[in-house]
Amino acid sequence: MTVRILVFEDDTSTREFLAEGLRKRGYEVLAFPSPVTCSLVADQACLCPREHACADIVITDMNMPCMTGLEFIWYQYQKQCKCPSENKAVISADLNWNQEKEFASLGCRYFQKPFKLNEILNWVSECERRIPADRVLIPTDSLWKKANISP
């Protein structure tokens with residue numbers, strides 16, 4: 001089973017560094033510049049079939065145009081995103097204590113920028129153990145179509 005990771009990061013160099021580091025470890029990575037490219041946000045509802053998820057792991061930056069990482073994670077939570085909260089992380093240089101607490105209450109992980117790729121890779125390994133063996137992901141091309149961008 002190939003693990004799929006969605007990365008949302010508006011800074012191109014950070015997004016490419018993280019995506020490439022994860023791809024080199026064999027993960028399928030779809031990297032987006034903004035959370036509004038997520039079908040859940042763009043279409044105001046999750047379009048995935050009930051038995052399918054879009055990803056196994058989600059990593060988002062905190063400060064992005066249109067929506068913060070915290071708003072994005074809350075939105076996914078409220079819309080019953082099929083990717084478990086424990087498999088979601090935020091990366092940020094400047095979370096305050098209340099934001100850290102809120103992410104923790106959702107079960108999400110926080111990584112301080114500048115982050116160490118090995119810390120994220122270790123966390124991703126933990127996430128892999130939480131992925132059900134029978135999980136099915138929607139086809140990758142469907143995600144790109146929903147995002148209105150191409151790989």
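Because the model is predicted, local features are reported only at pLDDT of at least 70 and side-chain atom pairs only at pLDDT 80 or more, whereas totals for chains, interfaces and linings use all residues. Residues are numbered from 1 along each chain as its sequence is written, and side-chain values use heavy atoms, with hydrogens and water left out.

The secondary structure of the protein comes to 6 helices and 7 strands, where helices (H or I, at least four residues) and strands (E, at least two) are DSSP runs numbered from the N terminus. Read from the N terminus on, the elements follow the order β-α-β-α-β-β-α-β-α-β-α-β-α. Of the 151 residues, 50% count as buried, a term that stands for under 20% relative accessible area, with exposed meaning over 50% and partly exposed the range in between (1.4 Å probe, protein chains only). Among contacts with a separation of 6 or more, 74% come from residues 24 or more positions apart, a contact being heavy atoms within 4.5 Å.

Strand 4 (residues 57–61) runs parallel to strand 5 and is joined to it by 4 bridges, two strands being counted as paired if DSSP finds at least two bridges between them. Within this pairing, D61 has I91 of strand 5 as its bridge partner. Strand 5 also pairs in the parallel sense with strand 6 (residues 109–112), again over 4 bridges, and here V90 is partnered by Y110 of strand 6. From strand 5 the chain crosses through helix 4 (residues 97–106) to strand 6 in a right-handed β-α-β crossover. Strand 4, helix 3 (residues 69–78) and strand 5 likewise make a right-handed β-α-β unit; right-handed here means that, with the strands pointing away from the viewer, the path from the first strand over the helix to the second runs clockwise.

A search of the whole structure finds 5 aromatic pairs, defined for rings of Phe, Tyr and Trp (its six-membered ring) whose centres lie within 6.5 Å, with planes under 30 degrees apart counted as stacked, over 60 as edge-to-face and the rest as tilted. The rings of F8 and F72 have centres 4.8 Å apart and planes at 70°, so this pair is edge-to-face. The two residues are 64 residues apart in the chain, with F8 in strand 1 (residues 4–8) and F72 in helix 3. F8 counts as buried because its relative accessibility is 1%, and F72 is buried with a relative accessible area of 0%. F111 and W123 form another edge-to-face pair, at 5.8 Å centre to centre and 70° between the planes, which links strand 6 to helix 5 across 12 residues. Ring pairs also link F8, F32 and F72 into a cluster.

In soluble globular proteins, nonpolar side chains tend to be buried together. In this model the largest nonpolar core has 22 residues, and I5, L18, L22 and I59 have the most contacts inside it; such a core is a set of buried Ala, Val, Leu, Ile, Met, Phe, Trp, Tyr and Cys residues joined through side-chain atoms within 4.5 Å. Strand 1, helix 1 (12–23), strand 2 (28–32), strand 4, strand 5 and helix 5 each supply at least two residues of this core, and helix 5 gives the most, with 6 residues. Apart from this core lies another, of 13 residues, among them L6, F32, C54 and M64.

E126 lies in helix 5 and counts as partly exposed because its relative accessibility is 33%; its C-alpha atom is separated by 8.6 Å from that of N87, 39 residues apart along the chain. R135 sits in the loop between helix 5 (117–128) and strand 7 (136–137). Not counting residues up to four places away in sequence, R135 touches M1, T2, V3 and D56, and a polar contact of 2.6 Å joins the side chains of R135 and D56. A polar contact is a pair of N or O atoms within 3.5 Å; within protein, one must be able to donate a hydrogen and the other to accept it, and residues adjacent in sequence count only if both atoms are side-chain atoms.
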